[in-house]
Amino acid sequence: MAGTGEYPRVRLACIHGERHREYVVVATTTVRYSLSDIPVSRPATGLVEATVACGSCGSRLPVRVFSPAKRRRWKLAWFGLFLLGALIATPSTLRLIALDALDEPASLPYVLPMLTNVLGLGAAVVGAMFFFTEDGVRLTSPWGDAGHRLRRW
């Protein structure tokens, strides 16, 4: 795992606008935003709640910054979710392959392996995604506050 610095690596993104374009087979969204640093040092233990000001619009947003040990525990939890999902999806995928080799019409034996495959792959994807983006910083609202998000750059 990457080392944890004294200050968070993620930055506060102030969203200025979004533009959606739809083509025949693809849709794209372009987001314009500016980035501000989060000047809150990591505590030695636990977490610290602080209010940071957006460098672009001046809004004040509450954030939570975790200690290096708590950040490491979150990263291990996300990695554990990835492993659990992979361990669930692998045997169910093998079972689906074995059922497909029987050349029988689709019936009830496919339901449980398909369900566990979807849930396992979903858990693996979510665990891997959060494992790589975890930096130990949270906005108090999970959906962002007043057009602000956390971005890793």
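Q: Two strands pair if DSSP finds at least two bridges between them. What makes β4 and β5 a pair?
A: Three bridges join β4 (residues 60-66) to β5. At least two are needed, so the strands count as paired. They run antiparallel. In one of these bridges, arginine 64 has arginine 138 of β5 as its partner.

Q: What kind of model is this, and how are its residues numbered?
A: This is a predicted model, in which local features need pLDDT of at least 70 and side-chain atom pairs count only at pLDDT 80 or more, while totals for chains, interfaces and linings use all residues. Residues are numbered from 1 along each chain as its sequence is written, and side-chain values use heavy atoms, leaving out hydrogens and water.

Q: What makes a stretch a strand or a helix?
A: Both are DSSP runs, numbered from the N terminus. A helix is H or I over at least four residues, and a strand is E over at least two. Helix α1 has 34 residues, so it passes the helix cut-off.

Q: How do you know that β3 and β4 pair?
A: Seven bridges join them, in the antiparallel sense. Glutamate 49 is bridged to arginine 64 of β4. In the hairpin of these two strands, six residues lie between them, and glycine 58 takes a positive phi near 85 degrees.

Q: Why are β3 and β5 called edge strands?
A: The open sheet has the order β3-β4-β5, with antiparallel pairing. β3 and β5 (137-139) each pair on one side only. The twist averages 30 degrees from one strand to the next.

Q: What makes helix α1 a neighbour that packs on the sheet?
A: Contact means heavy atoms within 4.5 Å. Helix α1 (residues 68-101) touches β3, β4 and β5. Its direction makes about 80 degrees with that of β4. Such angles run from 0 to 180 degrees between N-to-C directions, with axes fitted to C-alpha atoms, for helices over the stretch in contact.

Q: Why is arginine 42 called buried?
A: Buried means under 20% relative accessible area, exposed over 50%, and partly exposed in between (1.4 Å probe, protein chains only). Arginine 42 has 10% relative accessibility, so it counts as buried. The residue sits in the loop between β2 (27-36) and β3 (47-53).

Q: What makes the approach of arginine 42 to aspartate 135 a polar contact?
A: A polar contact is a pair of N or O atoms within 3.5 Å; within protein, one must be able to donate a hydrogen and the other to accept it, and residues adjacent in sequence count only if both atoms are side-chain atoms. The side chain of arginine 42 reaches the backbone oxygen of aspartate 135 at 2.7 Å. A polar atom of that side chain also lies 3.1 Å from the backbone oxygen of phenylalanine 66.

Q: What makes the largest nonpolar core a core?
A: Its members must be buried Ala, Val, Leu, Ile, Met, Phe, Trp, Tyr or Cys residues, joined through side-chain atoms within 4.5 Å. This one has 12 residues, including Val40, Val52 and Val65. β1 (10-22), β4 and β5 each supply at least two.

Key. The expected span of a helix is 1.5 Å times one less than its number of residues.
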